[in-house]
Amino acid sequence: MTTPATIRIQQDDFDIAKEIAALSKGRTDIGAVVSFSGICRGSEGDENIAALTLEHYPGMAEAEIKRHADEAMSRWPLDGLTVIHRFGRIEPGENIVLVVTASKHRQAAFQAAEFLMDYLKTSAPFWKREESAGRTGWVEAREHDDTAAARWSKS
Amino acid sequence: MKVKYFAWVRERIGKAEEMVEPPATVRTVSELIAWLAKRDEAYAHAFETPRVIRAAIDHAHVKPDAAIAGAREIAFFPPMTGG
């Protein structure tokens, strides 16, 4: 059974347990659920972070995540997929992003979740602005995120 | 066509979106960046390092040599830092 992906871009927090249950409840064909949640850290190096503000490109954010969700579903035998990405001001300890994958076996669920996170980092149109003591600035993209995403490219 | 700006590109230009009508000689994304950069100091600052600017046409990522003909909405932004 193929289940369409659930993709949500929202300001509000999400309930991880509820999202996992929504994928697996009442199903007997699912043997593995993997969830990844990205959380706002309270420090970067030796600098304390007061909050992050995430800007996004409405319309494209949904479209870009859907493209990668579709690709994940075509590459791995998934029985459920949920991606939630928050925008707005997020304080340390709060959730930023959630990817939940469900499959018959763990390998597909693990790999698809990692694939989606690597692409969310480099191609979903979101930008983090960091507030720390007395200053704010845009977070710079990291080269190792590009490298992480590139390893999934089919040659 | 509508042009949108995000993150520090938006801040440097001082607006989130606008309508632009480039001349017919401006055919690609990189030519549009060069044309916009000539408008004033704010645009020049936003586009001072064209290689770091990412672009999307109608909600899909495109490369600098992509043609802009027929585009409804073109967006310019820095490398993404979500997730």
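Reader: In which hand does α2(A) pass α3(A)?

Author: A crossing is left-handed if the near helix is turned anticlockwise from the far one by less than a right angle, and right-handed if clockwise. Here α2(A) passes α3(A) in a right-handed crossing. This is a predicted model, where local features need pLDDT of at least 70, side-chain atom pairs count only at pLDDT 80 or more, and totals for chains, interfaces and linings use all residues. Residues are numbered from 1 along each chain as its sequence is written, while chains are lettered from A and ligands numbered from 1 in the order in which they are written.

Reader: At what angle do α2(A) and α3(A) pack?

Author: Helices (H or I, at least four residues) and strands (E, at least two) are DSSP runs, numbered from the N terminus. Axes are lines fitted to C-alpha atoms, for helices over the stretch in contact, and angles run from 0 to 180 degrees between N-to-C directions. For helix α2 (residues 60-75) of chain A and α3(A), the angle is about 155° and the axes are 10 Å apart. The pair is therefore roughly antiparallel (angles under 35 degrees count as roughly parallel, over 145 as roughly antiparallel, 65 to 115 as roughly perpendicular and the rest as oblique).

Reader: Which residues make the contact between α2(A) and α3(A)?

Author: Two residues are in contact if their C-beta atoms, placed from the backbone, lie within 7 Å. On α2(A) they include I65(A) and A69(A), and on α3(A) they include F115(A) and L116(A). By class, this contact of α2(A) with α3(A) has eight nonpolar, two polar and one charged residues (Ala, Val, Leu, Ile, Met, Phe, Trp, Tyr, Cys and Pro count as nonpolar, Asp, Glu, Lys and Arg as charged, and the others, Gly among them, as polar).

Reader: How do α3(A) and α4(A) pack?

Author: Helix α3 (residues 106-123) and helix α4 (residues 143-150) of chain A pack at about 135°, with axes 8 Å apart. They are therefore oblique to each other, and α3(A) passes α4(A) in a left-handed crossing. Among the residues in contact are Y119(A) of α3(A) and D145(A) of α4(A). The classes in this contact of α3(A) with α4(A) are three nonpolar, one polar and four charged.

Reader: On to chain B. Which residues of helix α2(B) are buried?

Author: A residue is buried if 20 or more other C-beta atoms lie within 10 Å of its own, exposed if 12 or fewer, and partly exposed in between, with C-beta atoms placed from the backbone. In helix α2 (residues 29-37) of chain B, V29(B), L32(B) and L36(B) are buried. Because they cover an arc of only 55° around the axis, they lie on the same side of α2(B). The buried residues of α2(B) pack against α3 (41-46), β3, β4 and β5 of chain B.

Reader: How many residues of chain B are in contact with chain A?

Author: 14 residues of chain B are in contact with 22 residues of chain A. On the chain B side, α1 and β5 (73-77) give two or more residues.

How values were computed. The arc is that of the directions from the helix axis to the C-beta atoms.
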